[in-house]
Amino acid sequence: MTARREVLQLALGGAALLAGCSSRRAEKRTDRIRLWVAPNEAEEGFWKIAVARWNGQGRGLPVSFTTIPTAGASEDTVLSALVAGTEPDLSTNIFSGFAVQLAALGQVENLAAMPGYAELVARRDMGAIVPGWTQSGQVCALPIYSSPTLLWWRTDLLEKHGFSAPPRTYDEVYAFCERYGVARSRYGMQVISGRGWADRWFDFISFYYAASNGAPYLEGGHALYDNAAGLQAAGFIDRMFRRGWTALDFDAEEPLVSGLAAGAVRGPWDVERFAKIYPETLARIAAGPIVSQTAGQGAGATFSDSKGVVIFKSSRVAREAFEFLSWVLGEEELNLLWLQRTGLSPARGDLLENPRFADYYRGNQIAQAYAEHVASAKPPALSEHTIDIQKIMTAKLVEPLMTGQRTPREALAEAAAATDQMLRVRA
Amino acid sequence: MKRPRLSREAWIGLSLASTYLVFTAIFWAYPFFWLAKLSVTQWRFFDDPVFTGTRNLVLTVQDPQFLQALWNVLRFLAMYVPIAFGGALVVAFGLQHVGRGKAFVALCFLLSNVSSGVALSLVFTKIFSSTGPLNAVLFDLLGIRIPWTNHPTLAMLAIALVVAWKFVGYYGLILYSGLLTVPKEIYDAARLDRAGPLTRLVRITLPMINPQLMMVLVFAILVSFGLFTEPFLITGGGPADSTATPQMMIYETAFRRLQPSHAAMMSILVSAATYLLVLVARRLFERKVVLA
């Protein structure tokens, strides 16, 4: 009899344990706005101050924030949280393609429908930026910062070879490479940025945007990059490889530091990295535009690696969360604080005209070069199939050009056809 | 008819066994049935699964990338098995000749096996880079640079070398344990019959350690189908998908493309292919070793 009771107790204990382990969507709190921010020291520092000010001034529902609890990609963590029902009300660090995926899954609010949206866009001077984040009139994420890609050049190496300023056209790059390159041991510039799907943003798409003056490479489920601009960009990549002016990869070292290459596409986040690790090299860097066939007037178009903020559909305080968002993004003082803390240009179109930001840029030439391009920098195509598109560009376009298996025209045609085919199947 | 009462021992036994049964039900049976259900439905994490029958199966077997990934496993095996077996045999025979500190040497061989795959991949990415130290030496000596990670065949070879480096010590210890079981008298008899070293290796040693060789072969097949970290970090699956593996596809399909149902079907097919290949390998190479 005793034994039976013990077994029963064991069974009940086990059941209680299991009940505790079972998945249950967490209760959504309505007494505060919960925010996730990018897991890095600089951004965390900014949000700490901004949230403290909001809470201190009693402007609305209190905000509490944590960094995105991730060891790898933020996207994976956000997705896991959504599945488990532990997502916050707002999350930053969302790239546009992932925001579109979340919208397709019905997980994020359309921010364009929020009261005060138009005022926020006007107040933050985002008129030129928001179209890149709008799909069918919906805005599923608002960009916090815009990080254009630009070409970094070692000024000392340029000067030594007769160049007083960074090259702006393909011909100038070729001319420099002729003088600087040494067969198989020293290269004019790094053209291919890496192997991952997102790396294509920093080579082909950057060059495509520069050549096309920011024309989209995808629209309405069709690839558009098999055109004159695509041919220019692909032709440039092809020629750099065929003439041995760039290497297949630069995985072994930072080429700008050793001078293995004199130029490379870099984003503004690299300023902080170089300042910490290679300050001497950073002092010799000039940021020039992404090169194209002909140098245009003003800031040329380039790729923008921007990250935005979303409000989750599950939030019971979505309106209040948007009020907080409007305040943070709309306050010039906070935008300046963001710039000072992170070095990343706020996604606004008046960075160089607005006297509020002038001092910061006056003393920082590289930052100024990035700021000049914020308005003309374009995000990746808004597609939930971003990864597939990028992988096709790698396998059918960039790699055949690297290895010389295809001519630029053939590679472009194959990549565009494969993209169209993939989009047709996925549809 | 009265049912017999369970004894106290039977109850204790049942309760102890139930721990295992409950554990199995939660962590094996439930995920297994969920996987099976997922593979025949359409589900995108947040909606309810909708039964779609064989749609995922058809999509998967018609997916050229998935078929390429399976083919890549066979290509990997073709390079990995000879390198891993060769290296493991060298380790095993080498260990036989180590006098003092045998345990220390054996442990050293295991270091690569317990090292982080991520760290290894990062180190080898730099070593194999087209502008890296290996190519710098080759360029200085021979005036050539080899595109280790940028040529479809060489990229797979580079990955096979990295994975072999990780597992050779482990496999070597398994083979070494087999060598210890071979009676010395057989070698003495062979020497009396004037059998040379190669004959002794092929006719005595390898047949006698067949169980250990089979174990290593099965492990190699499992490693091949489970390959993820090295190609993911060293080549990213390129160039032109030549080093993409089924595990990479499953991960990307489930968590990047947000198609867990499709990924579930892929994982079932990969498991089936693994099982099939192990079965074929055992049929072809397994021999019973009997010491009379």
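Author: A salt bridge here is a side-chain nitrogen of Lys or Arg within 4 Å of a carboxyl oxygen of Asp or Glu. The model is predicted, so local features need pLDDT of at least 70 and side-chain atom pairs count only at pLDDT 80 or more, while totals for chains, interfaces and linings use all residues. Residues are numbered from 1 along each chain as its sequence is written, chains are lettered from A and ligands numbered from 1 in the order in which they are written, and side-chain values use heavy atoms, with hydrogens and water left out.

Reader: Are R123(A) and E331(A) buried, partly exposed or exposed?

Author: R123(A) is partly exposed, at a relative accessible area of 42%, and E331(A) is partly exposed at 22%. Buried means under 20% relative accessible area, exposed over 50%, and partly exposed in between (1.4 Å probe, protein chains only).

Reader: What does R195(A) meet in a salt bridge?

Author: The side chain of R195(A) meets that of D249(A), at 3.5 Å from N to O. The pair links distant parts of the chain, 54 residues apart: R195(A) is in the loop between β6 (187-190) and α8 (204-212), and D249(A) in the loop between α9 (228-242) and α10 (255-258). R195(A) counts as buried because its relative accessibility is 16%, and D249(A) counts as buried at 4%.

Reader: Which residue pairs with D203(A)?

Author: D203(A) forms a salt bridge with R200(A), with the closest N and O atoms 2.8 Å apart. D203(A) is buried at 0% relative accessibility, and R200(A) is buried at 1%.

Reader: Turning to the chains, how much area do chain A and chain B bury between them?

Author: About 3,300 Å², 57% of it on carbon and sulfur atoms; buried area is the accessible area (1.4 Å probe) that two parts lose on being put together, summed over both. L105(A), R184(A) and R195(A) supply 18% of the area that chain A buries against chain B, more than any other three residues.

Reader: How many salt bridges are counted between chain A and chain B?

Author: The count is 4. E252(B) and K391(A) meet through their side chains in a salt bridge of 2.8 Å, N to O.

Reader: And within chain A, which domains are assigned?

Author: Domain 1 covers 4-147 + 305-378, and domain 2 covers 150-303 + 385-426; the bounds come from an automatic or database domain assignment. Domain 1 and domain 2 of chain A bury about 1,700 Å² between them, 68% of it on carbon and sulfur atoms. In domain 1 of chain A, I366(A), Y370(A) and K378(A) lose the most area to domain 2, together 38% of what that side buries. The count between the two domains is 0 salt bridges.

Notes. Helix = DSSP H or I, 4+ residues; strand = E, 2+ residues; numbered from the N terminus.
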